[in-house]
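Thanks for coming. I will take you through one structure, and I will keep to a few parts of it.

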Amino acid sequence: MILEALYPRQAHSHPVLIAQGCIDRLGSWVAENLKPSKVLLLVDQNVSEHYGEMLVKTLHQAGLETISKTVASGEVAKSWSTATTLLTYSLEQGLDRHSVIVAAGGGVTGDLAAFVASLHHRGIALVQVPTTLLAMVDSSIGGKTGVNFGASGKNTVGSFYQPRAVFQDQDFLTTLPDSQWRNGLAEAFKYTLIAEDGGLFWNWLGAHQAALLSRDPVTVQALLVHCVSTKLAFTMADEFEAGGRRALLNLGHSFGHALEKLLCFEIAHGQAVSWGISVAASLSASIGLIGGDLRDEIQSRAAALCPWPIASIAKISALEIRAAMSGDKKNRGKSLRLVLPTEPLSKSILVQDPDELLLLAAIQTGLGLES
């Protein structure tokens, strides 16, 4: 399956290849379409152990001069200092404006590599090779790049920068730990509440939940197509999040990012998002946007797909979460803006400055929710 991403302000569209074994075409595609002077492969440390040699080989076989650099795993690597180190290294290795960066890894590596590519000679070609389910369904699509900056929070320094291609090879997922698999399912679940399809994706995921948890290859490929198509619909219509529509992709993230920050990223991103979606459902029900039955169903599905660590979350207070949310990127000035699900499905909306007592009550309820 090849999907096309076409953004109005780009001089080109880019393909998103979704298929088992498509990584074998990486080297030839880069050579034929980008004709680079040099390739810098930035690869996640864990990914390098399993696939590093294979990735370098496919690039070398296409006649590409390639250098490889390992990127540390985990959210702490997504920092300004790491970006500076990578920029320094790439300049020392002679990358010029005709070079290409290939990012192989999860969301951290992809975001970091894209950020570096956007700055290098005011922007050099980037190819995304996501190797986690979360990166495939979400972070490799849409062109958001960024690093976490000091105490300001997650992704507060970044840019919009589109790749020239995305290679989503399901074979990478065979070595993915169960916890990372569930992280991706949390992001996939988010799409069922915002996809403008009248609830079709919601129903499909519900019917195929067991197959997804068991990683059935055919079902997983269908999931990737569902998620990538949904995200492209939002990002191509609002590439720079100017109209508000793209902001709906952040359902659950305002709460989740605050939790990640307070726990110093000891909690996985998918777990934080899953918890955040549950809190959003509580708040949505309390202000009358959804009924209690849908709230319970959302929370039940979120917990089944990607449970969160109750003991870790119990360390945090509702007031601390609320304070951390003040730095959320969707806010405007001092106004808090939250994405909340509605009934009927597919009509999630941005709500500005919800009642503070109801907000704190929803967070407090979330802190006691069992996963």
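I start with the second largest pocket, whose lining consists of Q10, A11, H12, I124, A125, L126, F160, Y161, Q162, R164, E239 and F240. Please keep in mind that this is a predicted model. Sorted by class, that lining comes to 7 nonpolar, 3 polar and 2 charged residues. The space in the second largest pocket is about 200 Å³.

Next, the cores. Which residues touch the most other members of the largest nonpolar core? They are L26, V127, F167, L223 and F255, in a core of 98 residues. The element that gives the most to this core is helix α11, residues 269–286, with 9 residues. There is also a second, separate core of 20 residues, and among its members are A114, F115, V116 and I124.

If we leave aside neighbours within four places in sequence, V127 is in contact with L26, W29, V30, L34, V100, I101, V102, A103, A165 and F167. Two of those contacts, L26 and F167, were on the list of residues that touch the most other members of the largest core.

Now to T145, which sits in strand β7, residues 144–147. Is T145 buried or exposed? T145 counts as buried because its relative accessibility is 9%, and the cut-off for buried is under 20%. With neighbours within four places again left aside, the contacts of T145 are D111, A114, F115, S118, G158, S159 and Y161. For A114, the C-alpha to C-alpha distance to T145 is 5.6 Å, although 31 residues separate the two in sequence.

For contrast, take S300, in helix α12, residues 292–305. S300 has 45% relative accessibility and therefore counts as partly exposed. Between S300 and Q180 there are 120 residues in sequence and 20 Å in space, C-alpha to C-alpha.

On to a pair of strands. Strand β10 covers residues 337–340 and strand β11 covers residues 349–352; the two run antiparallel and are joined by 4 bridges. Opposite L340 stands I349 of β11. Which way do the residues of β10 point? R337 and V339 point one way, L338 and L340 point the other way, and all are buried.

The loop between β10 and β11 holds P344. The peptide bond that joins E343 and P344 is cis, with omega about 0 degrees.

That brings me to backbone geometry. Most residues other than glycine have a negative phi, and most peptide bonds are trans. K35 is not a glycine, yet its phi is positive, at about 45 degrees. K35 lies in the loop between α1 (26–33) and β3 (39–44), and its 63% relative accessibility is why K35 counts as exposed. E241 is also a residue other than glycine with a positive phi, near 55 degrees. The loop that holds E241 runs between α9 (217–237) and α10 (253–262). At 22% relative accessibility, E241 counts as partly exposed, because the buried class stops under 20%.

That is where I stop. Questions are welcome.

Technical notes
Residues numbered from 1 in each chain as written. Predicted model: local features only at pLDDT ≥ 70, side-chain atom pairs only at ≥ 80, totals over all residues. Heavy atoms only, no water. Core = buried A, V, L, I, M, F, W, Y, C linked by side-chain atoms within 4.5 Å. Buried < 20%, exposed > 50% of the residue type's maximum accessible area, 1.4 Å probe, protein only. Contact = heavy atoms within 4.5 Å. 1 Å grid on protein atoms, 1.4 Å probe; cavity = no way out; pocket = protein on both sides within 12 Å on 5 of 7 lines; lining within 4 Å. Points joined across faces, edges and corners; volume = space filled by probe spheres on them. Nonpolar A, V, L, I, M, F, W, Y, C, P; charged D, E, K, R; others polar. Pairing = 2+ DSSP bridges.
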